[in-house]
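User: I'm new to this one and would like a friendly walk through it. Could you take my questions one at a time?

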Amino acid sequence: MLSSFFRLLTRCYQLALPYGRLRLFSVLALILFNGLLQLIGVTSIFPFFALAADPDRIRNSNYGSLFLKALPPIDNNHLLAVTGVFAIVMLIAASIGSMASESIRIRYAFGFSQWLKVRLLSYYATRPYGYFLARNSAELTQKVNDIERFIMGVLLPMGEILTRIVLVLFLIGTVFLVQPYVAIGASVLFGGFYLVAFTILRPKARVIGEKLQHHYVQFYKNLDQFLNGIKTVMVHGRSQHFMGKALEHSSVIGNYQSLIPIYSNGPRYLIEPIAFGGLVAIVVIMALQGRPFSDILPNLAVMGAASMRLLPALQLLFSQLVQVASNSYTLGQLEQEILTIERETENIADQSEKNQELRFENEIKLENITFRYPSDAPPILKNFSITIPKNQSIGIAGPSGSGKSTLVDLLLGLHQAESGYILVDGVELTHKNLSAWRRMIGYVPQDIYLLDETIAENIAFGIERDAVDSLALRAAADAAQILDFIEGLPRGFDTMVGERGVRLSGGQRQRIGLARALYHKPEILILDEATSALDNTTEAAVMQTIHQLQGSMTMITIAHRLSTLERCNRIIQLDGI
Ligand SMILES: Nc1ncnc2c1ncn2[C@@H]1O[C@H](COP(=O)(O)OP(=O)(O)O)[C@@H](O)[C@H]1O
Ligand SMILES: [Mg+2]
C-alpha cells in the first residue's frame with residue numbers, strides 16, 4: 001500500500017517536472033518547513049503548563065536552569081506570563097505558516113492546472129483532422145475536465161497528505177521523546193486502525209473513480225446529443241429517451257459520488273472514542289503509578305494538544321488518501337496524454353518551419369492520389385490525377401458517397417494521402433506550407449458552422465468585432481447576395497445569429513458561409529455542395545455571382561445538379577470505386 005502511494009507520488013512528480021523543478025522543490029521545502037513550524041507551535045505550550053503546575057521543579061531542571069541563566073532574574077508569575085506569551089506567539093506563527101503554506105500550495109496547483117490545459121489544448125490544435133474524426137468530442141472535453149479532477153482530487157490532496165505526514169511524524173517523534181510508550185502505543189493504535197480502514201476501502205474507491213469517469217462521459221455525451229439535436233429529437237418525440245439516458249447516468253454518478261465522503265469520513269466516528277479511551281487509560285495508569293498530579297498535568301496537556309492535532313491530521317490524511325485513490329485514474333489518463341505530448345513536441349522540428357511561403361501562379365496538380373479512411377478497407381480514391389490551371393473553374397460531379405468531399409478535404413490538407421502528391425506550381429504540399437496554402441483558399445461546405453455571435457463575426461470568422469474590416473465585410477456580403485438582407489435588419493451586421501444560426505434560414509446561413517469564404521479575398525474558392533440546400537431561385541442568384549468571379553479566381557465546385565456546373569471549364573465525374 002505504501003509502495004503504491006510512493007509510485008503515485010513519483011508519477012505525479014514525473015508529470016510536474018516539466019512545469020518547473022524549482023517551483024516543485026520550493027513547494028516541497030515549504031511543506032517540510034511548515035511541519036516544523038506546526039511542531040514548534042504545539043510543543044511551545046509545554047513549558048507554560050509545566051511552569052503552571054510546578055514552577056520550582058522546572059527552575060531546577062537541567063533545561064530550565066540553563067534557560068533561566070540566559071534571562072534576567074525573573075519571578076515565577078512573570079516567567080509564567082513570558083512562557084504564555086511565547087506559546088501564543090508560536091501558535092500564531094504556526095497558523096500563519098499553515099495559511100501561507102496552503103495558499104502557496106494551492107497557487108502552485110492551479111498554475112500547474114493552467115499549464116496542463118495549455119499543453120493539452122495546444123496539442124489538440126496541432127492534431128490532424130483525422131484525430132478528431134476518430135474521437136468523440138465528449139471524450140476530449142472529458143480530458144480537459146480530467147485536469148480539473150486531477151488537480152482537485154489528486155494534486156491538492158497529495159500536498160495535504162505530505163503536509164500531514166510530516167506533521168504526524170514530527171508529532172509522534174516529540175511524544176516519543178516525552179513518553180516513548182505512549183508514542184508507540186498511539187502509533188500502533190491509530191496507524192493500525194487507519195491502515196486497516198484504508199486497505200479495505202482503497203480498492204473500492206478506485207473502482208468508484210473509474211466508474212465515475214465512464215458515467216460522466218456518457219452523461220455529457222447524451223446531454224450534448226439531446227441539446228444539439230433538439231429539433232430532430234423533438235420531432236421524433238424522443239426527448240424522454242435522450243434525457244432519460246443522460247439522467248440514468250447522472251443518477252449512477254450521484255450514487256457513486258455519495259459513497260466517497262461516506263468512505264472517507266466514516267472511520268472518524270470510530271476513532272474518536274478509541275482515542276479518548278486511550279487518553280483516559282494513560283491518566284489512570286499514571287495515577288495508579290502514584291505520580292503526582294503536577295507531573296500528570298503537563299504530560300496530559302502535551303498529549304491532549306498533540307492528539308488534538310494528531311487525530312484531525314490522521315483523519316484528514318486518511319480522507320485525502322481515499323480521495324486520491326478514487327481519482328488516481330485521472331493521473332493515468334493525463335500521463336498518457338501529456339507525456340505523449342512531451343515526447344511528440346520534442347520530436348517536432350522547429351515550429352518556424354511550418355511557416356514556409358507558397359506561390360500559386362500556374363497550376364494545382366494532384367498526382368496519383370490514393371486515399372482510404374483508417375476504418376475503411378477499400379480506398380475512396382485510387383491513383384487519382386488532375387491538373388487545375390490557375391483561374392480555371394473545375395466542376396466535380398458524382399453520386400453521393402463517391403468521394404467528392406473526401407477529395408476536397410485532401411485538397412484542404414485535412415487528410416494525408418496514402419500515396420501520391422499534391423503539387424502547387426510544382427511544390428509539394430506538406431505540413432510546412434499548409435498554412436500558407438490554406439490562406440489562399442475560401443471554402444464553403446454544405447453545413448455552415450455558425451457561431452452564436454454577430455453576423456459580422458460570423459463572416460470574418462475568428463476575428464474580434466473591432467478588428468473586422470467593414471469594407472471587406474460589405475464586399476463579401478454583397479458578392480454572396482446577402483447584403484440587402486443584412487442591411488434590412490434593425491441591427492445590421494451586429495445582429496446575433498443565435499446558437500448554430502437558429503435565427504437564420506438555410507439559404508441565409510449558406511450565403512453567410514459564402515461571404516465568409518470571400519471575406520479574405522481567396523485565390524481559390526472551393527464549394528462543396530454549397531448551394532445544394534438553396535431553392536432554385538436563390539441558387540441561380542448565388543451561382544450568378546459565383547460565375548461573375550470566374551476567371552478572377554480558381555474555382556472547384558462540387559454539385560449534384562449538373563446545371564450548377566454548366567459554366568465550368570471542365571467537369572470531372574467521380575464514380576466511386
Ligand atoms: N471519417 C470517415 N471514416 C470512414 N469513412 C468515411 C469517413 N468519411 C467518409 N467516409 C466514406 O467515404 C466515402 C466518400 O464520402 P464522401 O467523400 O463524403 O462522399 P461524397 O461527398 O461524394 O458524398 C463514403 O463511402 C463514406 O462512407
Ligand atoms: Mg459530400
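User: Which residues are closest to ligand 1?

Analyst: Happy to start there, and keep in mind that this is a predicted model. Ligand 1 is surrounded by 13 residues. The closest of them are Tyr373, Ser400, Lys404, Ser405 and Thr406.

User: How do the residues of that shell around ligand 1 divide into nonpolar, polar and charged, and which helix gives the most to it?

Analyst: By type, the shell splits into three nonpolar, eight polar and two charged residues. As for the helix, three residues of the shell come from one that covers residues 404-411. That top contributor is helix α13.

User: How far apart are the C-alpha centres of domain 1 and domain 2?

Analyst: First, the bounds: the domain assignment gives domain 1 as 2-352 and domain 2 as 363-573. Between the C-alpha centres of domain 1 and domain 2, the distance is 55 Å.

User: Are α9 and α11 roughly parallel or antiparallel to each other?

Analyst: Two packed helices are described by the angle between their axes and the distance between the axes. Helix α9 (residues 180-228) packs with helix α11 (residues 239-288) at about 170°, and their axes are 7 Å apart. An angle over 145 degrees counts as roughly antiparallel, so α9 and α11 are roughly antiparallel.

User: And how do the residues of the contact of α9 with α11 divide?

Analyst: Let's take the contact of α9 with α11 by residue type. It divides into 28 nonpolar, seven polar and three charged residues.

User: What should helix α2 span, and what distance separates its end C-alpha atoms?

Analyst: Helix α2 (residues 21-43) has 23 residues, and at 1.5 Å a residue these should span 33 Å. The buried residues of α2 include Val27, Ile31 and Leu39.

User: Is Leu9 buried or partly exposed?

Analyst: Leu9 sits in helix α1 (residues 2-16). A residue needs 20 or more neighbours to be buried. Leu9 has 14 C-beta neighbours inside 10 Å, so it counts as partly exposed.

User: Where does Asn391 lie, and is its phi positive or negative?

Analyst: Most residues other than glycine have a negative phi. Asn391 lies in the loop between β2 (381-389) and β3 (393-397), and it counts as partly exposed because it has 14 C-beta neighbours inside 10 Å. The phi of Asn391 is near 65°, which is positive.

User: What is the phi of Asp425?

Analyst: Asp425 has its place in the loop between β4 (419-424) and β5 (427-428). With 13 C-beta neighbours inside 10 Å, Asp425 counts as partly exposed. The phi of Asp425 is a positive value, near 50°.

Note on methods:
Residues numbered from 1 in each chain as written. Chains lettered and ligands numbered in written order. Predicted model: local features only at pLDDT ≥ 70, side-chain atom pairs only at ≥ 80, totals over all residues. Near = placed C-beta within 6 Å. Helix = DSSP H or I, 4+ residues; strand = E, 2+ residues; numbered from the N terminus. Nonpolar A, V, L, I, M, F, W, Y, C, P; charged D, E, K, R; others polar. Domains from an automatic or database assignment. Axes fitted to C-alpha atoms, helices over the stretch in contact; angles between N-to-C directions. Parallel < 35°, antiparallel > 145°, perpendicular 65-115°, else oblique. Buried ≥ 20, exposed ≤ 12 C-beta atoms within 10 Å, placed from the backbone. Expected span 1.5 Å × (residues − 1).
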